[in-house]
Amino acid sequence: MKKQILIILAIFTASVSFAVQQEPAFKTGEWFKFKMSYSGFLKAGNATLQVKETTLNGKPVFHVVGKGWTTGMIKWFFKVEDRYESYFDKQTILPYKFIRKINEGGHKKNIEIDFNQSNKTALVYNKKHDTKKTLTTKDKVQDMVSTFYYLRNKLDTRILSKGDEIKLDMFFDEENYGFKLKYLGKENLETNFGTVETLMFRPYVMAGRVFKEEESLTLWVSNDKNKIPLRIKADLAVGSLRADLEAYKGLKHSFKIIVD
């Protein structure tokens, strides 16, 4: 379980399309909680995402804090305590700062990244090793957390056709990543809140040690103005991992539920 939970959390941040949505999909005070289970029955962990507002270098920004931790029996075998933070522009949703502080079974990282979107550079400060380096980024690059909010604001379901592929540039730790996502269509999903019409996506991942194959992940997102991530299922090299939305508050728009 060393990397699976982290990867599942990361995939939540990379869902959907680039067309302009008429209204913002989120607001300050939005909060999500996800529960994770291994092979359909063993509770594996929890994750939360919360949107706040603050100022950074004199600029008004959204400040999102994401946390992930193992629970139950899994915690005794492999303890995870992860914290991710992103500070991004309230209008463009482009990140200015990203923080990753993790403890995964004793493997620790404490990294801060300051983005210069104009110069296409990132200053990476590794606090654990007390090193700094400036690296080149892609144009309008996103971090792992800001991606989720950026794409929620750009989603327009009217232009999505089954089989469409969406690509995005992200910067993580010290590398640029090209991410690809395929739109699979619509599906009514049974959730803790009732039946919800969703958009289904297939994030592409690297097959091998963790995932069975390149198309091992499926993501469900609410088909409304919120674009809430409701479920993600991953077929792993051993077993499977599923994450479900367990609780929420502070949504900007009404949550469309077909059947309670």
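A salt bridge here means a side-chain nitrogen of Lys or Arg within 4 Å of a carboxyl oxygen of Asp or Glu. With that in hand, here are some friendly notes on what is a predicted model.

1. Let's start with the charged pairs. How many salt bridges does the structure hold? The count is 13. As background, side chains of opposite charge can pair when their charged atoms come close.

2. Take a look at Glu30 and Arg152, which form a salt bridge with their closest N and O atoms 2.8 Å apart. This pair links distant parts of the chain: Glu30 sits in the loop between α1 (4-12) and β1 (31-38), while Arg152 belongs to helix α3 (residues 146-152), 122 residues apart. Are these two residues buried or exposed? Glu30 has a relative accessible area of 1%, so it counts as buried, the cut-off being under 20%. Arg152 is buried too, with a relative accessible area of 1%.

3. Next come Asp244 and Arg231, whose side chains meet in a salt bridge at 2.6 Å, N to O. Here the link runs between strand β14 (residues 240-249), which holds Asp244, and strand β13 (residues 229-235), which holds Arg231; the two residues are 13 apart, and the pair links distant parts of the chain. Both Asp244 and Arg231 are buried. Elsewhere, salt bridges that share partners join Lys97, Glu112, Asp114 and Lys127 into one network.

4. Glu112 lies in strand β6 (residues 107-116) and Lys97 in strand β5, so the pair ties together parts that are 15 residues apart in sequence. Both Glu112 and Lys97 are buried.

5. Now for the strands around β11. Strand β11 (residues 194-203) is mostly covered, with nine of its 10 residues buried. On one pairing, β10 and β11 run antiparallel and are joined by 10 bridges. A hairpin connects β10 to β11 through two residues.

6. Strand β11 has another pairing to look at. Which strand pairs with β11 over four bridges? It is strand β12 (residues 217-222), and the sense is antiparallel. A handy place to look is Met200, which stands opposite Trp220 in β12.

7. Two backbone angles deserve a look. Ile93 has a phi near 60°, a positive value in a residue other than glycine. You will find Ile93 in the loop between β4 (80-89) and β5 (95-104). Ile93 is buried, with a relative accessible area of 2%. Asp173 also has a phi near 60°, again a positive value in a residue other than glycine. Asp173 is placed in the loop between β9 (165-172) and β10 (175-191). Its relative accessibility is 13%, which means that Asp173 counts as buried, since the cut-off is under 20%.

8. Finally, turn to the surface. Which residues form a nonpolar patch there? They are Met73, Trp76 and Phe77, with about 500 Å² of accessible area together. Trp76 has its place in helix α2 (residues 72-77). Why does Trp76 count as exposed? Its relative accessibility is 77%, and exposed means over 50%.

Conventions:
Residues are numbered from 1 along each chain as its sequence is written. This is a predicted model: local features need pLDDT of at least 70, side-chain atom pairs count only at pLDDT 80 or more; totals for chains, interfaces and linings use all residues. Side-chain values use heavy atoms; hydrogens and water are left out. Patches are made of residues with over 30% relative accessible area and no salt bridge: like charges are joined within 9 Å, nonpolar side chains (Val, Leu, Ile, Met, Phe, Trp, Tyr) within 5 Å. Accessible areas come from the Shrake-Rupley method with a 1.4 Å probe; for residues, only the protein chains shown count as cover. Buried means under 20% relative accessible area, exposed over 50%, partly exposed in between (1.4 Å probe, protein chains only). Two strands pair if DSSP finds at least two bridges between them.
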